[in-house]
Amino acid sequence: MNTKNEIENTYQLLIEEYKNKRDKKEIECRNRQEKYFSIYNDLKEVCNELLKKRVEFAKESIFSKDINHSNEKYETKINQLIETRNYLLKKYNIKDFYPLYECEKCLDTGFINGHKCTCLLDREKKYVVENNIDDSNNILIYQDEFDISLYDQKNVRVPSGEKYYDYIVDFIRTTNEKLKKIDKEAFNLYLAGDVGTGKTFLSKVFLRKALENNIQSIFITINDLVNIFFDKEKEQKLLKICKTQFLIIDDLGTESTSFYSNSNLFSIIDKRLNYKKSTIITSNLSYEDLETYYSERIASRIANKYKYHRLYGNDLRKEL
């Protein structure tokens, strides 16, 4: 099974796992409620009456011509029943009358407002480790939908005068075209911009497109890459990074640098150029900052061999 299919299957398995977990919690809840009803008859009567009134309210809301009258008629009674039920739960010190979900934030659905809950993200990572799945590119955490409208900042223009949104749309289109031709022609991009301008966000778009086209890809942060330099299996892992068809190095410039780490980084950049492999590097550093932060060799390779793209605008994370 290839990595793309493994990841897709893993995602579906975890969604099913969450559904089963939620169903189990709700069955357990109903069983507890039946037990309490067998002990406290007044609680049972109130809950049955509450259910009955809600059903009547729903039916009348559908068929009644006077919706406002239906609302007034039932809302007061339903609220009274809820107050009575809550009073009885407190009176009998019942604290597990409702489902006891593992995650109170998402109620064991795995999602909050359409985005993955942190509990699902953590479960994905754990599942990958437990089942020895190759998720070196962290695809599981990048399945949220990409919203290009976040780049529609009307007051922002690029130095050429082009609207920023049009600039981003064109950049995505041309890069996706490059990915389609990656077997015939390698490309290298340096994506720079201030914190929060969407560099990593865009790189996820290209990563997903690459995987959709069965392109061997790796996404790695610069800090994770530096950690590999000190790994026992360094040679094997770096060989894979150097030879993979499409590599994204995220957040260059956020790591602690040393002569040793810079030497290894230069080796990766240089070897991938020699192997004619495609690379995208994202960073807060401009071309001018590179030579100050890194060795002249690294700065020169990137400046001469990578096409520079600058991101502008406000912090997109505040728009999410």
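Predicted model: local features only at pLDDT ≥ 70, side-chain atom pairs only at ≥ 80, totals over all residues.

Biologist: What share of the residues counts as buried?

Modeller: Buried means under 20% relative accessible area, exposed over 50%, and partly exposed in between, with a 1.4 Å probe and protein chains only. Of the 320 residues in the protein chain, 40% are buried. As for contacts (heavy atoms within 4.5 Å), take those in the protein chain with a separation of 6 or more: 77% of them join residues 24 or more positions apart.

Biologist: Next, helix length. How far does α9 reach from its first C-alpha to its last?

Modeller: The expected span is 1.5 Å times one less than the number of residues. With 17 residues, α9 reaches 24 Å, close to the 24 Å expected. Helix α6 (residues 199–212) has 14 residues that should span 20 Å, and its end C-alpha atoms are 20 Å apart, which agrees.

Biologist: And which residues of α6 are buried?

Modeller: They are Lys199, Leu202, Ser203, Val205, Phe206, Leu207, Ala210 and Leu211.

Biologist: Now packing. How do I describe two helices side by side?

Modeller: Two packed helices are described by the angle between their axes and the distance between the axes. Axes are lines fitted to C-alpha atoms, for helices over the stretch in contact, and angles run from 0 to 180 degrees between N-to-C directions. Take helix α8 (residues 234–243) and helix α9 (residues 259–275): they pack at about 40°, with axes 9 Å apart.

Biologist: Why is that pair called oblique?

Modeller: Angles under 35 degrees count as roughly parallel, over 145 as roughly antiparallel, 65 to 115 as roughly perpendicular, and the rest as oblique. At about 40°, α8 and α9 are therefore oblique to each other. In α8, Lys234, Leu238, Ile241, Cys242 and Lys243 meet Tyr260, Asn264, Ile268, Lys271, Arg272 and Tyr275 of α9. One of these, Cys242, is buried, at 4% relative accessible area.

Biologist: What about α9 and α11?

Modeller: The axes of α9 and helix α11 (residues 296–305) come within 9 Å and cross at roughly 30°, so these two are roughly parallel. Asn262, Leu265, Phe266, Ile269, Asp270 and Leu273 in α9 meet Arg297, Ile298, Arg301, Ile302 and Lys305 in α11.

Biologist: Which way do the pairs cross, left-handed or right-handed?

Modeller: A crossing is left-handed if the near helix is turned anticlockwise from the far one by less than a right angle, and right-handed if clockwise. α8 passes α9 in a right-handed crossing, while α9 passes α11 in a left-handed one.

Biologist: What covers the buried residues of α9?

Modeller: The cover includes α7 (222–228), α8, β5 (246–252), β6 (278–283) and α11. Among the buried residues themselves are Leu265, Phe266, Ile268 and Ile269.

Biologist: On to backbone angles. Where do I find positive phi just after a helix?

Modeller: Just after α9, Lys276 takes a positive phi of about 60°. Asn214 sits in the loop between α6 and β4 (217–221) and is exposed at 57% relative accessibility. Leu107 is not a glycine either, yet its phi is positive at about 55°; its loop runs between α3 (67–91) and β1 (111–112), and it is partly exposed at 39%.

Biologist: Last one: how many disulfides does the structure hold?

Modeller: A disulfide is a pair of cysteine sulfur atoms within 2.5 Å, and the structure holds 0. The sulfur of Cys106 has its closest cysteine sulfur in Cys119, at 3.6 Å, too far for a bond. Cys106 is buried, with a relative accessible area of 4%.

Note on methods
Residues numbered from 1 in each chain as written. Heavy atoms only, no water. Helix = DSSP H or I, 4+ residues; strand = E, 2+ residues; numbered from the N terminus.
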